[in-house]
Amino acid sequence: MKRRNLLASAAMGLMLASGAFAQGMDKVKACFVYVGPIGDGGWTFQHHDGAMQVQAAYGDKVEIQYQENVPEGADAERVLTQMALGGCNIIFTTSFGYMDPTNAVAAKFPDVKFEHATGFKRDHANVSTYNARFYEGRAVQGHIAGKMTKSNKIGYIASFPIPEVIMGINSYYLHAKKANPAVELSVVWAFTWFDPAKEADAAKALIDQGVDVIAAHTDSTAPLAEAAKTEGVIGFGQASDMAEYKDGPRVSSIIDNWGPYYVKRVGALLDGTYEQIDAWEGIAGGEVLIGEITDKVPADVKAEAEALRDAIAAGTYHPFTGPINKQDGSAWLAEGATAPDGDLLGMNFFVEGIVGDIPQ
Amino acid sequence: MFRLEKRPTPSKFWLYATPPVAVILTMIAGGILFAAMGKNPFEVIRTIFWDPVFGEFAFYLRGQLLVKAGPLILIAIGLALGFRAGIWNIGAEGQYIMGAIFGAAVGLAVFPTENRLIFPVMVIAGAFGGWLWAMIPAILKTRFNTNEILVSLMLVYVAETILAKASTGFLKNPEGMGFPGSRNFSSYPAAQNGFIYEPLGLHWGGVAALVTGVLAYILLTRHQAGFQIKLAGQAPRAARFHGVSPARLVVLCMGISGALAGLAGLFEVTGPAGQISIDFNTGYGFTAIIVAFLGRLNPLGIVLAGFLMALTYVGGEMASTNLGLPDAAIQVFQGMLLFFLLAVDVLTNYRFRLPFSVGAK
């Protein structure tokens, strides 16, 4: 209780000193907490790219601070507190595991805005959440995977068994299956967001099983580097374009484009229109981009994939459109029904046809 | 060039001078590194070593030092007892995880009962979990003469798998919407390891660390078991003639270090971390090995070393956030500390001789 008061009054002092009231602000200090290094070439790299877009958009009206490699847990709470004490006006916490620390620190600094990526807890008025509909990109990848596999075995390196990841796997599988009914999916759980050695091991395990198309939901380029070692194995850039593998195994990518959202939110803080939100944009909003599909993919497959992308963007097609059954055979979506967002955000089941269990 | 000559007896001076000299050398080499990166080295060093204790936000960061140092000290003291006896428990990280799981499981099993006894029972369960995990390499060593370094290290990975299982399965929060992780202890007062005195960051884990430091010091200097530990490390044969049973010593040292690591895990999961989650462990068990050596395997030295290590973490974060230093530079800086410590340590047992001075004697 004591610290709560102490910190709150310290925060209040800072607010008064900087003259930041509900109206607009002359200058915003925007701070970012990263789970990996900015050089990971994937997830964190893209968030940092978004931060740099904020800098470019507002110039010296904004000051950017960031901290790399922050463990998800007790350390995150300290880093967030340091940032809030240090005068950050808005803090973006860019990994799921920062959910409880973000809300805990937000309670102590009611005047600092907190933005948590991929979470669902908004316990306080100053906490917003934002995410991107990556499953839309997975649908496009799944289609390419189904068409491209020669062994009919495709693989997926999963990070943690959370809805975010599970819906990506389901979307990937459904569209691969639609493109190629003979396809089989193997899922490897890495239990990490960023660990190049583990990610490479997972890719190797999949290749040893005869998998020739690998998708990953981890942050580094290691799966592509591993895929490059075996002739005929292809993969996708994850989170970032990973264009340096274009001559190698990378045939397309999902690019997380956080810049527009960051620019919008910091801008709202500058002009005084900032409100608490729960943002979930996809291909249509420009948050999810499909990276260039290379010439390794035949022209007709490429055209189909791009048509799929455009249909999702136009809102004429939803990647989860019934009939879809759950893995145990029970019905989930009826013919023509599309998945409600609530079902997706709490998704804890595989769809019918996927072999293997979600770790429980 | 120089020649190294073994000292007849280890130098008392260098034994105590090594850590401060290593810190100073780290500051100099680190400063050169930071300067090469275009930062003002004095500002960086000040941010790391001075600001957390005396700077603008010291009122908050001072408390964080003990929060960070507590588990390091607790684990390192246990490890140091074994290291002194030549018993190498490298798997404290696993024992830390198991202590957290055992203790948390007890608390979560009786959720949401409110009773004063719950937390003490959880503490015992935490120590038991760590002890049990350490007994596996201990008994394998005494029975089958396996290598405790390998077995205890490998068991870390087993513990991590059990941790993943716990947070996605048997300890998962039933109200967590399917997300991995247990209930948060911050909303369960009977099982919560809250702060006793917030400005100093003092929770029961910190108390345990400081008390253990004193007890371990008394054990080593005044108690028969402490004498046996030191003897076994310095002169195993003599120890055997003195009636010290190596098997009993292995079980004792592994058990103490396991129980202390388990305690650290329990205090962390119920306090600063708040919940069992897949990546609950952040390497305290491994960092504690550095702390043990930095503290010269002496309980009081370890207390100081724990705070120094915590300072490099907390201050390092400050430098990284406020001065825009990459995290990798901070890790290099921490690595330098261990490097210089080991390098300077040579002087405890050896001395430099210039070739010509041999003849000039």
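Predicted model: local features only at pLDDT ≥ 70, side-chain atom pairs only at ≥ 80, totals over all residues.
Biologist: Okay. How many helices and strands are there in chain A?

Modeller: Helices (H or I, at least four residues) and strands (E, at least two) are DSSP runs, numbered from the N terminus. Chain A has 11 helices and 14 strands, and chain B has 15 helices and 4 strands.

Biologist: What radius of gyration does chain A have, and how do I read it?

Modeller: The radius is taken over C-alpha atoms, and the globule rule is 2.2 Å times the number of residues to the power 0.38. For the 360 residues of chain A, a compact globule would come out near 21 Å, and chain A has 21 Å, which agrees. Its C-alpha trace spans about 65 × 40 × 35 Å along the principal axes.

Biologist: Can you show me one residue? Where does Trp332(A) lie?

Modeller: Trp332(A) sits in strand S14 (residues 331-333) of chain A. With 19 other C-beta atoms within 10 Å, Trp332(A) is partly exposed. Now for contacts: two residues are in contact if their C-beta atoms, placed from the backbone, lie within 7 Å. Leaving aside neighbours within four places in sequence, Trp332(A) touches Ile324(A), Asn325(A) and Lys326(A).

Biologist: Sheets next. What is the strand order in the sheet that contains S1 of chain A?

Modeller: Strands of a sheet pair through backbone hydrogen bonds, either parallel or antiparallel. In the count used here, two strands pair if DSSP finds at least two bridges between them. This open sheet of 6 strands runs S2-S1-S3-S4-S5-S11 (chain A), with parallel pairing. S2 and strand S11 (278-281) of chain A stand at the edges with a single partner strand each, so one side of each has no neighbour in the sheet. Strand S1 (residues 28-33) of chain A is joined to S2(A) by 6 bridges, and in S2(A) the bridge partner of Phe32(A) is Tyr66(A).

Biologist: What about the open sheet with mixed pairing: which order do its strands have?

Modeller: That one also has 6 strands, in the order S7-S6-S8-S9-S10-S12 (chain A). The twist averages 15° from one strand to the next. For angles, axes are lines fitted to C-alpha atoms, for helices over the stretch in contact, and values run from 0 to 180 degrees between N-to-C directions. Helix H6 (residues 163-179) of chain A packs on this sheet, touching strand S6 (153-158), S7 and strand S8 (213-216) of chain A, and its direction makes about 170° with that of S6(A).

Biologist: How is chain A divided into domains?

Modeller: The bounds come from an automatic or database domain assignment. Domain 1 is 2-132 and domain 2 is 135-255 + 288-345. Their C-alpha centres lie 31 Å apart.

Biologist: Last one: how many residues of chain A are in contact with chain B?

Modeller: 33 residues of chain A are in contact with 30 residues of chain B. On the side of chain A that touches chain B, the largest share, 8 residues, comes from H3(A). For classes, Ala, Val, Leu, Ile, Met, Phe, Trp, Tyr, Cys and Pro count as nonpolar, Asp, Glu, Lys and Arg as charged, and the others, Gly among them, as polar. That side of chain A divides into 15 nonpolar, 11 polar and 7 charged residues.

Key:
Residues numbered from 1 in each chain as written. Chains lettered and ligands numbered in written order. Buried ≥ 20, exposed ≤ 12 C-beta atoms within 10 Å, placed from the backbone.
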